[in-house]
Amino acid sequence: MDDSESPDIDKNEATPVDSKAYEESSRIVFANPEDWMVQQFLSLLIRAEYKTVALRNHHHLLPALRKYKSSIIFFNIEKQPEEGSWYQLVKENQTLFMQQRSLPVFIGKDTRDHIKSKVDLEIPFDAFDMGRSPQQIFTLMQALIKQWYSRGKRQYIRVRCVDPAKSRFNLRLYGDTYQGTILDVSSAGMACQFDPGAQPDGIKKGMVLEKIQLKLNSRLVMVDGVIMGSRIDGNGEKPPLWVLVFRNHSDTGAVQKIKAYVGERLQQDFDESMLYA
């Protein structure tokens, strides 16, 4: 990858976004992505702990910009919106892009210079040639993301589990089986509650719980967890909330299964937020 292919948003006098803003509100969005883009790049970015979603309705572009500040939006120029073009939509709303500190990136199977020659903007933007190898493209995307967001410790993506019936856990302890509900989860750990009246005696902070089976939608995942603490909400009528950090994943594919679930939940939350925007 030579210098002409490297991200050059700094040449447009863009100021990097504070990493805290990324953690709190932003998304990496692919507008009208091809199926192969979803399979290759969205999943890889989620595995790298970037909050990544697909936008498939051009009418949702402005609501997404307003809600998810400091985002990077990859516009697939091979699949233009039903009305007009991505170039025109961005140009008409470049003030909003600037106000929201969001970056448009045009992607397609064309040379980077040719794509950029079609863009007439007064705000920072970039372009990628998607005809390159997936590894080259992913390397460029990561370089762009790191350049756009200022340095900071990226956190694990944590998502809420909204369907108690499809987000469960069980484990064997003291010769008995205990079950409960997962409230939120990341590849690093989870918050959970044992079923009412079914909490094992003697569990405490620092204790290791081995071979916990998680049910995340249709995925079954086996992990070990260390109890980091607990909290009692309200007046104590509900079971305590326990926070666990995963360690020594018993299932070698556990992390990827959890991250696949995280990606599903990110997309669901994004789609739902657009319905009411």
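These exercises, each with a worked solution, explore a predicted model.

**Exercise 1. The largest pocket**

Describe the largest pocket: its volume, its lining and the elements that supply it.

Solution. 
- Start with the volume. The largest pocket holds about 580 Å³ of space.
- Turn to the lining. It is made up of 25 residues. Tyr156, Ile157, Arg158, Val159 and Asp184 lie nearest the centre of the pocket.
- Assign the lining to elements. Those giving two or more residues are α1 (19-25), β6 (159-160), β8 (176-185), β9 (189-194), β12 (241-247) and α8 (254-275).
- Sort the lining by class. Twelve residues are nonpolar, four are polar and nine are charged.

**Exercise 2. A salt bridge between helix and loop**

Which parts of the chain does the salt bridge between Lys259 and Glu49 tie together?

Solution. 
- The closest N and O atoms of Lys259 and Glu49 are 3.3 Å apart. A salt bridge requires such atoms within 4 Å, so the pair qualifies.
- Lys259 belongs to helix α8, and Glu49 to the loop between α2 (35-47) and β2 (52-55).
- Read off the separation. The two parts tied together are 210 residues apart in sequence.
- Check the surroundings. Lys259 and Glu49 are both buried.

**Exercise 3. A bridge and its network**

Find the salt-bridge partner of Arg160, then name the network they belong to.

Solution. 
- Find the partner. The side chain of Arg160 meets that of Asp269 in a salt bridge, at 3.8 Å from N to O.
- Locate both ends. Arg160 sits in strand β6 and Asp269 in helix α8. The pair links distant parts of the chain, 109 residues apart.
- Judge the exposure of Asp269. Its relative accessible area is 23%, so Asp269 is partly exposed.
- Now take the Asp195 bridge for contrast. Asp195 pairs with Arg168, with the closest N and O atoms 2.8 Å apart. Asp195 lies in the loop between β9 and β10 (208-216), and Arg168 in strand β7 (residues 167-173), so this bridge ties together parts 27 residues apart in sequence. Asp195 has a relative accessible area of 22%, so Asp195 is partly exposed.
- Return to the network. Salt bridges with shared partners join Arg160, Arg265 and Asp269 into one network.
- The structure holds seven salt bridges.

**Exercise 4. A nonpolar surface patch**

Which residues form a nonpolar patch on the surface with about 220 Å² of accessible area?

Solution. 
- Name the members. The patch consists of Met228, Val243 and Val245. The figure of about 220 Å² is their accessible area together.
- Examine one member. Val245 is in strand β12.
- Val245 has 34% relative accessibility, so Val245 counts as partly exposed. Patch membership needs over 30%, so Val245 passes that cut-off.

**Exercise 5. Residues apart in sequence**

How many residues separate Met190 from Val243, and Tyr178 from Gln199, in sequence?

Solution. 
- Take Met190 and Val243. They are 53 residues apart in sequence. Their C-alpha atoms are 5.9 Å apart in space.
- Describe Met190. This residue is in strand β9. Its relative accessible area is 2%, so Met190 is buried.
- Take Tyr178 and Gln199. They are 21 residues apart in sequence. Their C-alpha to C-alpha distance is 7.0 Å.
- Describe Tyr178. Strand β8 contains Tyr178. Its relative accessibility is 14%; buried means under 20%, so Tyr178 counts as buried.

Note on methods: Residues numbered from 1 in each chain as written. Predicted model: local features only at pLDDT ≥ 70, side-chain atom pairs only at ≥ 80, totals over all residues. Heavy atoms only, no water. 1 Å grid on protein atoms, 1.4 Å probe; cavity = no way out; pocket = protein on both sides within 12 Å on 5 of 7 lines; lining within 4 Å. Points joined across faces, edges and corners; volume = space filled by probe spheres on them. Helix = DSSP H or I, 4+ residues; strand = E, 2+ residues; numbered from the N terminus. Nonpolar A, V, L, I, M, F, W, Y, C, P; charged D, E, K, R; others polar. Patch = residues over 30% accessible without salt bridge, like charges linked within 9 Å, V, L, I, M, F, W, Y side chains within 5 Å. Areas by Shrake-Rupley, 256 points an atom, 1.4 Å probe, with all protein chains shown as cover. Buried < 20%, exposed > 50% of the residue type's maximum accessible area, 1.4 Å probe, protein only.
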